[in-house]
Structure formats: structure tokens, C-alpha cells
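Please have the structure open as you read.

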Amino acid sequence: MSTQPAETASPPDTRGRVRELSEIRERAYRGPSEKATEAQHAKGKLTARERIGLLLDGGSFREVEQLRRHRAAGFGLENRRPYTDGVVTGWGTVDGRTVFVYAHDFRVFGGALGEAHAQKIHKIMDMALTAGAPLVSLNDGAGARIQEGVSALAGYGGIFRRNTRASGVIPQISVMLGPCAGGAAYSPALTDFVFMVRDTSQMFITGPDVVRAVTGADITQNGLGGADVHAATSGVCHFSYDDEETCLAEVRYLLSLLPQNNRELPPASPTDDPPDRRCEALADLVPADGNQPYDMTRVIEEIVDHGEHLEVHERWAPNLVCTLARLDGRVVGIVASQPQSLAGVLDIAAGEKGARFVQMCDAFNIPLITLLDVPGFLPGVDQEHGGIIRHGAKLLYAYCNATVPRISLILRKAYGGAYIVMDSRSIGADLTYAWPTNEIAVMGAEGAAGVVFRRRIAEADDPDAMREQLIKEYRAELMHPYYAAERGLVDDVIDPADTREVLVRSLTMLRAKHSDLPSRKHGNPPQ
């Protein structure tokens, strides 16, 4: 028997394999063709990798499943199997903090979602939830890949389920950078924030052609579901910008105000704005006359660190301001009446806007400050028939359910049910302050006098003079600045100039607040 070793095949050339891998990666990185890239740029849009480069810290991106390709056959798909399958997924950092991202590549199948494409997104969503880090989606796709049939639709179902499971656990941000039609639009709607770029991004369930065929209405894509429509009319979009560069820079800024997950506090940032800085300008910004309007955002800018804040839904329901800012370097969410719009009343849209913002802040451990100058709910047949009771109850439910530190400050008017809904002491505000210009009452003195003293006014020799006299009496008896404080409904009446210091010190005291809700599967909030 021979003892000579059998001949074996020559070992593989490792360096050759590495060169082959580099070539494959280069093809995947370049995309389908230079022509496709030029076409993307000609539309005023960046490529998926260019967008990721703007979003993340330089050199931090680590791609996942770059070499993934679909396995579908039919309709010529078996001859077109590009790497990445039209979506770039991975993680990197923003200001040194981990962020997961997926970006549709419109150059590959128009960014349409197929089975492999969806599985890549599912994987990165699962990784984000496991790692406890924010997820940002850069959306620029043509919906489901029709050639793959129901498999593509099932892929969307997996995304929606993961959006829902991650809700309130990690921040989810959708950035719309191209078309998003049909069922695909529901994923952004399930996330915490939606960014859009004017002229290049659209969202709608049924496109202009279907609308025209069914209703006869002739409308453009932007007129139906463009950034301005969703930012000002529907409320689907939280932030809208003119270009992708500005949009992605603002996404980075938003991430700097959010925690990594619901088990952490938002990141604190050192500030040289003194916590005890007096706000002398506030006495001039807010007129003592409750009938004179003013801009609440200027009040906010005077109070917060260096006047910087990021307003959410700025153009939708402008009668209520919802904004993120910092006080003494720590993130706060501010909900404030806006007397400059509809006199600051609450309506259907304001109820929805405020409720969503309060829930987001509570989910991510962001303390809430509520600034009140609210004369009530908006009266009208349209409001009543539109369900203002139900929609107003959303804001009430959100406040009552919130366990983060809650401080309310009454600047001027706080009337009726709107006063209760806007985080009053009776629904659980930890601290309630008021300026000396406050008017807390069931309704305004004019309306109250007309109800309470109706008979006396009618029987008077001079009804108008009697009415004015009784209005003054009612205001002096029940609406003076210290009425609520005397009854323990306000913790203190403060000098407006001390507002910043009072809020900072109060938040410092409440920093370790712990409050448990009753054990339950989940609540059943008004819808």
C-alpha cells in the first residue's frame, strides 16, 4: 500500500478572492449606471449613499447585506439581480451616538420593495430595536415591486408591524425624499416624525390619476400630497424644507434632542446661558390686555437656552405651539397657546397636534412645560360635527396619562374646559405657576355676567351701564390674579422676569420623579 499522499487541488488564491470581493463591492457602491445617477441628480435628488453621507458622521457608516440580491423569477427579473436590491441598510453615528438607517435607492427598480428588499429593512429594524438606538428611514421608492406580487405586500406588513412594536421604544424618523404612494405611506405615518422636501417628495394613498378617474378632480402630485399640503393641511408632515441638505441637517439636530431609547434621558448639553437669567423683556412681550394678541414663540425664545427651539408641526394647527428646546442644557417639550392665531383657542387640529406631541415627550422621558393663554375651545357647527369633543379628549387623555415632570404656567387667560385640558393642577400637573396678569375662570367676565346677572341686567333702567358694573364686580370677585392661588390651584404667582429661573429650579427638583400607571395591557384613548 502506497504511503505517498494523494494529490490535492491547489489552495485557493486568497488575494484573488479579495480582489474579486473589492470589485463586487465597488459595483454595489456605484449602483446600476452613471446614467441612472445623472437622472437622479437631474431631478434635484441625491443618491441613497450621498444622503447617508450627509446624515451620519463622516466615515461612521457600516453597511449590512450589501451583497443581497433577489431570488425572484419571471417578467425578466431573473436577468436583473443587482446588489443591494434597491435599499442600502446599516448603522453609523450622529454626533457620536449610534443611529440605524435604511435608504431606498431609486436607481434600482425605482426603489420598489420586493421580498429581499423588505427582508433587509426588517433586519435593520430588528437590529435597531435590539440595540436600543434610533431608526431613520430615507424614503424614495415607487411602492411594491409589482413583478413579485403578494410577496412584496407581505414585506410591507412586516415593516408596519415592526414600526408599531418599536413605537415609544426607540425614536423613529421618516425622511421623505421622493414619491411614497399607496400602502407604503403608512410606514411613515406610524413613526414619530416625518420630514419632507418640497417639490421632490409626495405622499398619497391614491395618486392623481385614480383621483381623476373616480372623482373627476384634476390635481397634480404636489397639489395632492406634496410637502406643503402635508405640512399645513393634513398634518402628516412635521417638518418641510426646500432641499435635501437642509432637511438632513435638521434630522441630525432633532436626533440631538432625543434619547437613544425609552430607558434613557435625552442628552444634556453644557450651556453658558445662566439658569437664573432674568427675562425682563417678557413684561413687554405680553400685553396685560387679554384682547391684544402677541407671538408666543417670542416668549419661548426669551425663556429657553439662547432662544433656540425646534418647533414641531409649525404650519399645522398654528393656534397651538409644540416645540423642543433646552432649559439649563436639558431638553424640554413645550406646549403653548398661540394668541396670534385664532386667539389661541383649542380646535380639532390643535387637540390632535398637542396630544401627539405630549405622548411623544412622555414616551421618551422629555419633561413637559405648558404655557397657557387660552380663551376656550373654538365654537362652531363644523367643530362640533367634526368631533371636537373626541379630538379635544385626545389631548386631555395624553396629559392625564403622562408620567414625566409636568409644569404649567398661566400667562393670561385660562378659561373653561380648555384650562382643565391644558395640564391644569386638577389633571396632574406637578407644579402650576401664574403671572400677575392671569385670569382663571369658567368663562370670560363678559359672558359670565350675561349668564349670572341676566335678570338684573334686563330689569335695570340702563341695561348697558348695569352690565358694565356687574362685569367689573364679577372680575374683581372671581377673576383677580390671586383667586386660584388662594384656593391652592396655583402654587405661586411669579414675576414674569423670574420665569426662566423658576422653571429651571422646578425641573431640577422633579428630575428624579417616578410615577407608575395602573397595571393594564394598554389604555383605550379616544380616537
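The largest pocket is lined by 45 residues, and Ser167, Ala355, Arg356, Gln359 and Met360 lie nearest its centre. Helix 6, strand 7 (193-197), helix 13 (348-363) and helix 15 (388-401) are the elements that give two or more residues to this lining, and helix 13 gives the most, with 9 residues.

A word on the model itself: it is predicted, so local features need pLDDT of at least 70 and side-chain atom pairs count only at pLDDT 80 or more, while totals for chains, interfaces and linings use all residues. Residues are numbered from 1 along each chain as its sequence is written, and side-chain values use heavy atoms, with hydrogens and water left out.

The second largest pocket has 22 lining residues, with Leu265, Asn365, Pro367, Pro405 and Arg511 closest to its centre. Strand 12 (330-337) and helix 21 (499-510) each give two or more residues to that lining, and the largest share, 4 residues, comes from helix 21.

In the largest cavity, the closest to the centre of its 17 lining residues are His104, Asn139, Tyr156, Cys180 and Ala184. Strand 3 (97-104), helix 5 (150-166), strand 6 (179-181) and helix 6 (186-190) each supply at least two residues of this lining.

| Space | Volume |
|---|---|
| Largest pocket | about 1400 Å³ |
| Second largest pocket | about 440 Å³ |
| Largest cavity | about 140 Å³ |

Here both kinds of space are found on a 1 Å grid over the protein atoms alone: a cavity is a set of points where a 1.4 Å probe fits but cannot get out, a pocket is an open set with protein on both sides within 12 Å along at least five of seven lines, and lining residues have an atom within 4 Å of a point.

Strands count as paired if DSSP finds at least two bridges between them; strand 1 and strand 2 (residues 87-94) are antiparallel over 3 bridges.

Finally, the cysteines. With a disulfide taken as a pair of cysteine sulfur atoms within 2.5 Å, the count comes to 0. The sulfur of Cys361 is 8.2 Å from the closest cysteine sulfur, in Cys322, too far for a bond.

Key: Points joined across faces, edges and corners; volume = space filled by probe spheres on them.
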